[in-house]
Amino acid sequence: MLHTLSQITTLINHKDNTKKSDKTLQAIQRVGQAVNLAVGRFVKVGEAIANENWDLKEEINIACIEAKQAGETIAALTDISSLNHPESDGQITIFTDKTGVIKAARLLLSSVTKVLLLADRVVIKQIITSRNKVLATMERLEKVNSFQEFVQIFSQFGNEMVEFAHLTGDRQNDLKDEKKKAKMAAARAVLEKCTMMLLTASKTCLRHPNCESAHKNKEGVFDRMKVALDKVIEIVTDCKPSGETDISSVSIFTGIKEFKMNIEALLENLYFQSKENLSATLEVILERTEDFTDSAYTSHEHRERILELSTQARLELQQLLSVWIQSQSKKTKSIAEELELAVLKISHSLKELKKELHRTATQLTADLLKYHADHVVLKALKLTGVEGNLEGLAEYACKLSEQKEQLVEVCRLLRHISGTEPLEITCVHAEETFQVTGQQIISAAETLTLHPSSKIAKENLDVFCEAWESQIGDMSTLLREINDVFEGRRGEKYGYLSLPKPMKNNANLKSLKPDKPDSEEQAKIAKLGLKLGLLTSDVNCEIKKWEDQENEIVRNGRNMSSMAYSLYLFTRGEGPLKTSQDLIHQLEVFAEEGLKLASSVQVFLKQLKDDDKLMLLLEINKLIPLCHQLQTVTKTPLQNQVFLKVDKCITKTRSMMAILVQLLSLCYKLLKKLQMENNRWVSVTNKDSVDGKT
């Protein structure tokens with residue numbers, strides 16, 4: 001509609017003395033009709049919203065009537081089909097009443113804006129209502145005393161959470177502010193992971209009602225979910241609680257960026273800043289570098305280099321201030337050049353400081369993630385739990401606490417060097433997740449140790465450990481994104497490879513409306529999606545083990561993982577896939593990528609001995625039929641069975657991802673074995689060669 005209005009503006013500005021050809025007159029009429037039709041469709045949607053929301057009905061209806069009147073006025077004024085006929089001399093048109101068109105266009109914009117703002121209030125109201133329903137059901141879950149009652153209430157809770165996820169997912173996609181979008185994503189991630197935790201933690205409490213650690217574990221989940229629910233409402237209502245500080249104020253990179261802008265502004269305006277302000281700003285930045293220099297995990301070399309660069313920045317600021325004061329009294333060319341040189345010098349020093357801070361934080365993070373990649377402590381906690389070993393529990397709980405402190409420290413350092421507000425928010429979210437989940441793993445492990453034969457206590461510990469492992473995996477992604485921003489490669493991340501490209505004059509556009517399954521179907525899809533999301537994490541963990549990230553098998557696997565992740569986002573009501581048609585197209589490409597992977601593995605098979613080929617062949621023989629089955633399902637006409645088709649497709653995708661995990665693991669092990677054998681053969685050959693020469 002806005003595009004059409006811009007066309008009207010062009011027509012309004014058309015010179016009066018220009019002769020109008022038939023082609024021009026027809027174009028004018030088409031534009032007027034298009035606006036009127038678009039307004040008509042818009043008004044129908046607005047009226048439907050009004051009928052469902054009685055408190056806003058009158059306001060929406062008034063705005064809709066105004067929009068309709070404006071659309072009809074524009075259509076009447078642009079109806080110039082009979083303009084060239086003699087009997088039409090007295091007709092009022094766009095050429096005889098430009099003021100009327102301008103008024104109608106303004107009224108249209110005003111009324112459309114009113115409807116959109118009122119519709120936005122409706123969406124906010126829906127999210128708040130949905131949140132309140134979730135909170136009310138959570139209160140009932142907290143007080144429940146029997147398994148039967150718990151199952152009934154949790155079933156209702158699951159449906160309400162799926163509805164809330166879809167509403168907030170739509171809202172997240174609509175947000176233009178990247179910072180708010182990142183905050184919403186973080187809050188929704190907490191709610192999604194905590195839903196599974198709430199299930200197992202509550203069941204454990206019901207099974208072991210007198211166990212203090214079980215109750216502590218459960219309370220932790222409920223508390224975190226309530227905070228996340230409040231955070232969502234803060235974002236959608238744009239109400240920040242009193243006393244909350246903006247996290248960007250503690251970022252070193254943000255501080256350096258603002259400081260550089262201030263000193264560069266001096267070249268244009270010598271009185272832009274005061275001497276005291278510049279000195280104070282730099283001191284605040286350098287004080288924040290103490291997070292690095294005071295950290296027990298920063299190496300001696302990095303610490304010394306940061307301190308050296310900080311001292312250099314202070315000295316160069318003093319030099320800049322000295323030249324600046326001179327330039328205020330002596331306005332000569334040489335002084336101006338000297339000031340410019342002083343600005344360049346301190347800018348260079350701060351750039352070097354940024355590099356050193358980035359190097360320190362990223363190297364520390366990479367080393368830490370590599371060291372904890374095998375999750376030895378988590379495995380030990382699970383083992384001590386099933387053995388009922390309280391001494392072992394105390395030992396490994398202490399080790400997990402140390403690991404948690406290391407990861408929390410790393411998140412704080414990464415926040416300083418993240419480079420963008422959304423990444424800063426992601427760092428804060430990671431820090432909070434490690435802080436909370438670490439304590440919850442210990443309480444879950446304590447419950448299992450006290451009740452070593454309890455299956456539900458074991459399942460509960462597994463869920464919390466999976467959340468920890470998932471966050472470790474997310475840290476690798478975060479580290480890569482921070483590096484991309486720092487090196488100017490932002491936007492080069494592996495994207496959704498199968499998204500359909502926009503097409504002109506697409507005949508199917510009318511059918512591309514978001515599909516809204518009922519609450520029971522949504523719950524089932526969300527459950528399937530959750531399992532798919534966990535499998536993508538497993539695949540990414542396997543991919544990280546490979547040294548050669550450009551290996552064809554790795555590339556195929558990574559592409560499949562990326563596409564599966566977008567399917568997972570679809571089940572949450574977010575991400576780039578908006579309609580069932582988007583989903584089907586993505587699945588077609590996913591199946592093709594699966595067949596490419598099978599071909600890549602078959603090429604690798606030729607390098608192996610017969611004994612090593614068997615396991616891989618078994619997995620390939622499972623994968624290829626699934627790819628063909630998925631292709632068949634995607635080509636089946638939709639008719640009225642959209643949910644059934646989506647359900648089948650996601651189930652097939654999940655099976656393929658499970659096989660992909662096995663294939664990547666097997667290929668990696670066999671490749672290592674092959675390399676060892678080749679190295680052994682080379683060393684033996686070299687020895688024989690030396691012996692021959694002797």
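First, the ground rules. The model is predicted, so local features need pLDDT of at least 70 and side-chain atom pairs count only at pLDDT 80 or more, while totals for chains, interfaces and linings use all residues. Residues are numbered from 1 along each chain as its sequence is written, and side-chain values use heavy atoms, with hydrogens and water left out.

Now the chain. It has 21 helices and zero strands. Of the 694 residues in the chain, 46% are buried. Buried here is under 20% relative accessible area, exposed is over 50%, and partly exposed is in between, with a 1.4 Å probe and protein chains only. A contact is heavy atoms within 4.5 Å. Taking contacts between residues at least 6 apart in sequence, 77% join residues at least 24 apart.

Next, the cores. A nonpolar core is a set of buried Ala, Val, Leu, Ile, Met, Phe, Trp, Tyr and Cys residues joined through side-chain atoms within 4.5 Å. The largest one has 98 residues, and the members that touch the most others are F157, M225, F259, L414, I441 and M475. Helix α16, residues 455-486, supplies the largest share of this core, twelve residues.

Setting aside neighbours within four places in sequence, L414 is in contact with A361, T365, C427, M475, L478, L479 and I482.

A disulfide is counted when a pair of cysteine sulfur atoms is within 2.5 Å. By this rule there are zero disulfides. C427 is in none, and the nearest cysteine sulfur, that of C411, is 6.6 Å away. Another cysteine, C465, is buried too, with a relative accessible area of 0%.

S470 is in helix α16. Its relative accessibility is 13%, which counts as buried. Beyond four places in sequence, S470 is in contact with K193 and S537.

On to helix α9, residues 275-288. With 14 residues, α9 reaches 21 Å from its first C-alpha to its last, close to the 20 Å expected at 1.5 Å a residue. That expected span is 1.5 Å times one less than the number of residues. Which residues of α9 are buried? They are L278, L282, I285 and L286. These cover an arc of only 95° around the axis, so they sit on the same side of α9. The arc is that of the directions from the helix axis to the C-beta atoms. The buried residues of α9 pack against α8 (252-265), α10 (290-293), α11 (300-329) and α12 (333-371).

H372 is in the loop between α12 and α13 (376-387). H372 is buried, with a relative accessible area of 9%, and leaving aside neighbours within four places in sequence, H372 is in contact with Q403 and Q406. H375 is in the loop between α12 and α13 as well, and is buried at 14% relative accessibility. What is the phi of H375? Phi of H375 is near 55°, a positive value in a residue other than glycine. Most residues other than glycine have a negative phi.

V408 is in helix α14, residues 390-417, and is buried, with a relative accessible area of 1%. V408 touches E431, F434 and Q435, not counting residues up to four places away in sequence. The C-alpha atoms of V408 and T433 are separated by 9.0 Å, at 25 residues apart along the chain.

V115 is in helix α4, residues 98-143. V115 counts as buried at 5% relative accessibility. Outside four places in sequence, V115 is in contact with F42, G46, I60, A63 and C64. The C-alpha atoms of V115 and G46 are separated by 6.7 Å, although the two are 69 residues apart along the chain.

Notes:
Helix = DSSP H or I, 4+ residues; strand = E, 2+ residues; numbered from the N terminus.
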